[in-house]
Amino acid sequence: MADAAFSGDGKYYSALTQDGRLRIWDTETNVLKQEYTPDLHLTAPPLCLQWISVTRSVSPQKGGRRKSISDNETQAIALGTTSGKILLYSVEQGKVETVLVDKKNHTNNKVKSLDWHRKYGLLSCTGDNSIQEWELESAKIRHRYKINVDNKNKQTSGVSAIKIIPHSEQSSAKYIVAASWQLRIWRLQDNQAILVKNLGHNASPRALLSLATAGKTCWLIEGSQNERLLSFWDVTITDDPPVNGDEPTPNKRQRKKSITASVVATPTYNFVLEDAPKIIDVNVETDEGGSKLQLAAATRSGVVHYYEHMLNGASTKPIKPSVTVQVTTGDATPLPLQCCCLTNTGDLLLGYTNTTIWTFERLTPDLSTKTQVLIRGDTKDKKKQKHTNEVNKVRADSKKDDVKYVEPMGGVTRKRTTPGGQVEVSMEARLANLALDVKSRGKSAVNQNLTKLLMQGLHSKDKNIILTVLQRDEAGVAWRTAAHLPADYVPLLLDQLADMATRRTSQCAAVCTWLGATLRAHAALLLATTPPRLTQLLAILTHRRSHLCQLLNLKGRLELATTQRSAEEEDIDQEPVLRYDDSSSGEEMEAQYQSDDSAPSWEEGEGEDGEAGGGHSDSEESD
């Protein structure tokens, strides 16, 4: 998949923007020559582009000389869209002249890759792994081929890039390299795709392919936008290539050994990069001394690696760049390099950006050093400029030594500021400047705006960082973070919110806060793109809300049952909390009880005592 490319002669550079617009720069004058916005650039934006040459439909004049083939050709750009259509944009006319439509593409499979060759024409690859061979004059499909890519991992099972391999065979067959989960060479003939060779390299979902030819030999440079390694393969088509990826049949002695030990293809060379590549270009020159390889790669870190290597046999050791090119300003501000191209003169065509301005420059690589730094851009003059006040004609650059201040009478002196000197600020003023207004968008505190942390977590897919940000159930933090979030990270944020919405209630509450802030901040983008995650989030939240009443009813019943169960298990024989004893009432009751019990005993005692007393008196009287 290529979203930026140079023209064949290196005069123009074209690129697709994030909102689906096509921009074309003139590399000789550094001018944005054309900018084209497709009709459905938001709903069906272009995904890939390819420079081609088309024949002008102009009839020759009578009596005039016949123009050559090169005079009748003009440059155009083929744009593959997500709706399955291919737009042929004419650079000379500045408009789309032809629209290629596959009438059998009822599912609107997006065009994932395009390639063009002057001899074999235009080929396209769609999302269902179909290869279409187009006839540009009639705008119809000449042949259709189906590539079978068997892989258990569905994420990398599709073909991400194709490249046409020229050959010298006397046949109508075409050979291509298709990058899916493996690099494979296919033969296209009679509406059938036959596997010729399996290179056996695991490619990423987004592969970069570049082809170089020298005579009858073809070489392929393969890279991906996720790996820091470029692989160099020999893809020359021989007279009798093996079919269906099979090697020549071994003899009886070697048959058993060939079945047990599988042969794994390895690239001829591997080139190491500082970071993942964005665009690559390769060229091979053949002379009496041998074949010299020239390779240029622009990385995501904003540098360009240049390699020069003599092809003298395979090597398993990774090859480091011959020179690394960087561009900075006079005050050491780096200017990122966005693209590179190898010209026919051996120079290196570079493109870098200074703020929003694109600049293209030709450079001869200096192989005597490992790093070549170019100082470009406006250099800031740190010297003080002379300013003159037109009102009183006073120059501000007067020397402070020549100024003499006259103090008033009475010995009162006051401190005067030196012209051009720094004025001291009081501590109260400094502390007032440090106070942050949380409600302000531009002066929000670090913990109130987590945009950079959220972007880092979404880019690296780190669950800990993502949960640290999204579990903060604060409306202000969610609004400031979502408002500063770039448009590319909005679909990734919706994926994480949809995952968190299916989890526990605390996370679902935070999801509602962040989803509301995202909808308010990016309403226009969501209305234009209508991502499917919004439908999924609506279904999840509706489902949870429909079960809320039932869950609350169940919670109440469980709490009631638990309370009753715990009350039954409690021991009834418990000690009293408070015991009250009244001593006065107890003594009265005890005295009454004793009096009731002693009454009959006293009566019996009195009778006995009377009888005894009577006897005693009688005795006394008798005495």
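This is a predicted model: local features need pLDDT of at least 70, side-chain atom pairs count only at pLDDT 80 or more; totals for chains, interfaces and linings use all residues.
Me: What makes up the secondary structure of the chain?
Reply: The chain has 12 helices and 28 strands. Both are DSSP runs numbered from the N terminus: helices are H or I with at least four residues, and strands are E with at least two.

Me: Why is Q294 called buried?
Reply: Buried means under 20% relative accessible area, exposed means over 50%, and partly exposed lies in between (1.4 Å probe, protein chains only). Q294 has 5% relative accessibility, so Q294 counts as buried. Q294 is found in strand β22, residues 290-299. Not counting residues up to four places away in sequence, Q294 touches D281, V282, N283, E285, Y306, Y307, E308 and L342, where contact means heavy atoms within 4.5 Å. Of the 623 residues of the chain, 35% count as buried.

Me: How do you know that β21 and β22 pair?
Reply: Two strands pair if DSSP finds at least two bridges between them. β21 and β22 are joined by 10 bridges and run antiparallel. Within this pairing, I279 stands opposite A298 in β22.

Me: Why are β21 and β28 said to stand at the edges?
Reply: The open sheet has 5 strands in the order β21-β22-β23-β24-β28, with mixed pairing. β21 (277-287) and β28 (371-375) each have a single partner strand, so one side of each is left without a neighbour in the sheet. From one strand to the next, the twist averages 15°.

Me: What is the strand order of the open sheet that has 4 strands?
Reply: The order is β9-β10-β11-β12, and the pairing is antiparallel. The edges are β9 (111-117) and β12 (140-146); each has a single partner strand, so one side of each lacks a neighbour in the sheet. The twist here averages 20° from one strand to the next. Strand β11 (residues 130-135) pairs with β12 over 6 bridges in the antiparallel sense, and W134 stands opposite I141 in β12.

Me: What joins β15 to β16, and what lies between them?
Reply: Strand β15 (residues 183-189) and strand β16 (residues 192-198) run antiparallel and are joined by 6 bridges. They form a hairpin with 2 residues between them, and D190 in the turn has a positive phi of about 55°. Q189 stands opposite Q192 in β16.

Me: Why are α8 and α10 called oblique to each other?
Reply: Helix α8 (residues 505-521) and helix α10 (residues 532-546) pack at an angle of about 135°, with their axes 12 Å apart. Axes are lines fitted to C-alpha atoms, for helices over the stretch in contact, and angles run from 0 to 180 degrees between N-to-C directions. Angles under 35 degrees count as roughly parallel, over 145 as roughly antiparallel, 65 to 115 as roughly perpendicular and the rest as oblique. α8 and α10 are therefore oblique to each other.

Me: Which residues make the contact between α8 and α10?
Reply: T505, C508, C512, L515 and L519 of α8 meet L534, L537, L541 and R544 of α10.

Notes
Residues are numbered from 1 along each chain as its sequence is written. Side-chain values use heavy atoms; hydrogens and water are left out.
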